[in-house]
Amino acid sequence: MRPNLTKRQREVVRLLSLGCSVREVAKILNLSPSTVDNHKTAAMARLGTDKVALLTRWAIKLRISPLNDRLTPLEKRASGRKNDGWN
């Protein structure tokens, strides 16, 4: 099974899988939190899950977010995070 996610859904899934909140994803992608939440909900529906932990597993399985993936310096700066990914 290879779910067909849009480019934006893939971006949102990647950032969520790195531990970002919806607000942080919104800051990074310059979107409103409600738009990010809509992309998250649509991606989760396409992947058949309602849990972010399973969304993360899908991100790894689909190679949206490799195990060694981290936030880029720009993403960290935009989100206001001091750490990248799960650190």
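Student: Which residues does Glu75 touch, not counting those up to four places away in sequence?

Tutor: Contact means heavy atoms within 4.5 Å. Glu75 touches Arg14, Leu15, Ile28 and Arg70 on that count. This is a predicted model, in which local features need pLDDT of at least 70 and side-chain atom pairs pLDDT 80 or more, while totals for chains, interfaces and linings use all residues. Residues are numbered from 1 along each chain as its sequence is written, and side-chain values use heavy atoms, without hydrogens and water.

Student: Where does Glu75 lie, and is Glu75 buried or exposed?

Tutor: Buried means under 20% relative accessible area, exposed over 50%, and partly exposed in between (1.4 Å probe, protein chains only). Glu75 has a relative accessible area of 15%, so it is buried. Glu75 lies in helix 5, which spans 73-79. Helices are DSSP runs of H or I with at least four residues, numbered from the N terminus.

Student: Which residues of helix 1 are buried, and what covers them?

Tutor: Helix 1 covers residues 7-17. Its buried residues are Gln9, Val12, Val13, Arg14, Leu15, Leu16 and Ser17. Their cover includes helix 2, helix 3, helix 4 and helix 5. Just after helix 1, Gly19 has a positive phi of about 95°.

Student: Which residues of helix 2 are buried?

Tutor: Glu24, Val25, Ala26, Ile28 and Leu29 are the buried residues of helix 2. Helix 1, helix 3 and helix 5 are among the elements that cover them.

Student: How many residues are in the largest nonpolar core?

Tutor: A nonpolar core is a set of buried Ala, Val, Leu, Ile, Met, Phe, Trp, Tyr and Cys residues joined through side-chain atoms within 4.5 Å. The largest one here has 21 residues, and Val13, Leu15 and Val25 have the most contacts inside it. Helix 1, helix 2 (22-29), helix 3 and helix 4 each give two or more residues to this core. Leaving aside neighbours within four places in sequence, Val25 is in contact with Val12, Leu15, Leu16, Cys20 and Val36.

Student: At what angle do helix 1 and helix 4 pack?

Tutor: Two packed helices are described by the angle between their axes and the distance between the axes. Helix 1 and helix 4 pack at about 115°, with their axes 9 Å apart. Helix 1 is therefore roughly perpendicular to helix 4, where 65 to 115 degrees counts as roughly perpendicular, under 35 as roughly parallel, over 145 as roughly antiparallel and the rest as oblique. Val13, Leu16 and Ser17 of helix 1 meet Leu55, Thr56 and Ala59 of helix 4.

Student: Which residues make the contact between helix 3 and helix 4?

Tutor: The axes of helix 3 (residues 33-47) and helix 4 (residues 52-61) come within 11 Å and cross at roughly 70°. These two helices are therefore roughly perpendicular to each other. Lys40, Met44 and Leu47 of helix 3 make the contact with Val52, Leu55 and Trp58 of helix 4.

Student: Where does Pro3 lie, and which residues does Pro3 touch?

Tutor: Pro3 lies in the segment before helix 1. Pro3 counts as buried because its relative accessibility is 11%. Not counting residues up to four places away in sequence, Pro3 touches Arg46, Leu47, Trp58 and Leu62. Pro3 and Trp58 are 55 residues apart along the chain, and their C-alpha atoms are separated by 9.8 Å.

How values were computed
Axes are lines fitted to C-alpha atoms, for helices over the stretch in contact, and angles run from 0 to 180 degrees between N-to-C directions.
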